[in-house]
Amino acid sequence: MNSPPLVSVVTPSFNQAQYIEETLRSVELQEYRPIHQIVIDGGSTDGTVELLKNWEKRDHGDGYAFEWISEKDRGHADALNKGFDRVRGEVVGWLNSDDVYFDREAVGSSVAAFEAHPDVDAVFGDVALISENSGLQMILCYPEFRYKRVVRGYMVSQPTVFLRRTVTDTYRLDPSLRVAIDFIYWLDIGKELKFLKIPRIQAGDRDQPGRITRVSYAALMETAKKARMAYGAKAKESWAERLQDLMTLRLLRVTALLRLLPLLAQKERLNRLAFPLWTDSALKTLTRQLTMRVNDRTDLGPRPSPPPAAFGATE
């Protein structure tokens, strides 16, 4: 019987000490082994380095290897490329230092998908949008990967993505980019490679004040638009494409609601999560999900102390 393949998870980091421990913990809590976690820090000055030193000293049990460096780099993409240089696994995850794996089966389900589909180069799934303090904002679902869709602007949820090492060995990120790094990478590799959608929530995407989609939204959209045009996007979609997109988005909203309801009912995987998720009232959560927005009336607010015991990684 063949041994399970090593999975390397690359985490670029810079001054996110308040989030990175949950990121590390969500990888450590994965049931899958062996795992090799790599943190490439850009010279943080906020306590991240001390946290990484302490994490390195801890006993993480068999099958979990950890390494890190902290040095100045040319930005997010450069840090990822450095991490790809250190990869030893056959499968590679990309998990930013403010994001988390959703439950303890995220890595295992990705490896199983690769083993069941040897022709697939990348797998991805759905994501929980979480607040700065790990509250559940809403579930975001994504369609099956079609390159024409990506060129039209459809996203792939980056923290849910796992790649074969042959991909990261061959394709690197553009270190000159400061925004839309992941989107342009999917445009670059998606034309030639095969992506597979896993129908489950794979990660938590943290909607925190310093994220690029908040602080550099206009630049991100402009960069993404230019990239789409460079990769063959039409100036204007046909009516058939617009109708298809509308129907796809409606279906994805229904799917997201169906993913959310078992969580609110506390019947699915709550003790299997890989980070301390919490929720506020079902009414506010459903309002956010149905409207796909967070405003003053539906904001999660401060985290309960302690958070609801049914949620989160307590081991």
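W239 sits in helix α10 (residues 239-264). Helices here are DSSP runs of H or I with at least four residues, strands are E runs of at least two, and both are numbered from the N terminus. The model is predicted: local features need pLDDT of at least 70, side-chain atom pairs count only at pLDDT 80 or more, and totals for chains, interfaces and linings use all residues. Residues are numbered from 1 along each chain as its sequence is written, and side-chain values use heavy atoms, leaving out hydrogens and water.

W239 counts as exposed because its relative accessibility is 63%. Exposed means over 50% relative accessible area, buried under 20%, and partly exposed in between (1.4 Å probe, protein chains only).

**Two cores**

A nonpolar core is a set of buried Ala, Val, Leu, Ile, Met, Phe, Trp, Tyr and Cys residues joined through side-chain atoms within 4.5 Å. The largest has 42 residues, and L173, Y185, W186 and I189 have the most contacts inside it. Helix α7 (residues 181-190) gives this core its largest share, 7 residues. Another core, of 28 residues, lies apart from it; L24, A113, V123 and F162 are among its members.

In α7, 9 of the 10 residues are buried. L24 belongs to helix α1 (residues 17-28). L24 counts as buried because its relative accessibility is 0%. W55 is 31 residues from L24 in sequence, yet their C-alpha atoms are 8.5 Å apart.

The table lists contacts (heavy atoms within 4.5 Å).

| Residue | Contacts beyond four places in sequence |
|---|---|
| Y185 | F84, W94, L163, V167, T168, Y171, R172 and L173 |
| L24 | Q37, V39, L51, L52, W55, Y64 and F66 |

**An enclosed strand**

Strand β1 (residues 7-13) has 7 of its 7 residues buried, so it is largely enclosed by the rest of the structure. V7, V9, T11 and S13 point one way, while S8, V10 and P12 point the other way. β1 pairs with strand β2 (residues 35-41) in the parallel sense, over 7 bridges. Pairing requires at least two DSSP bridges between the strands. Opposite S13 stands D41 in β2.
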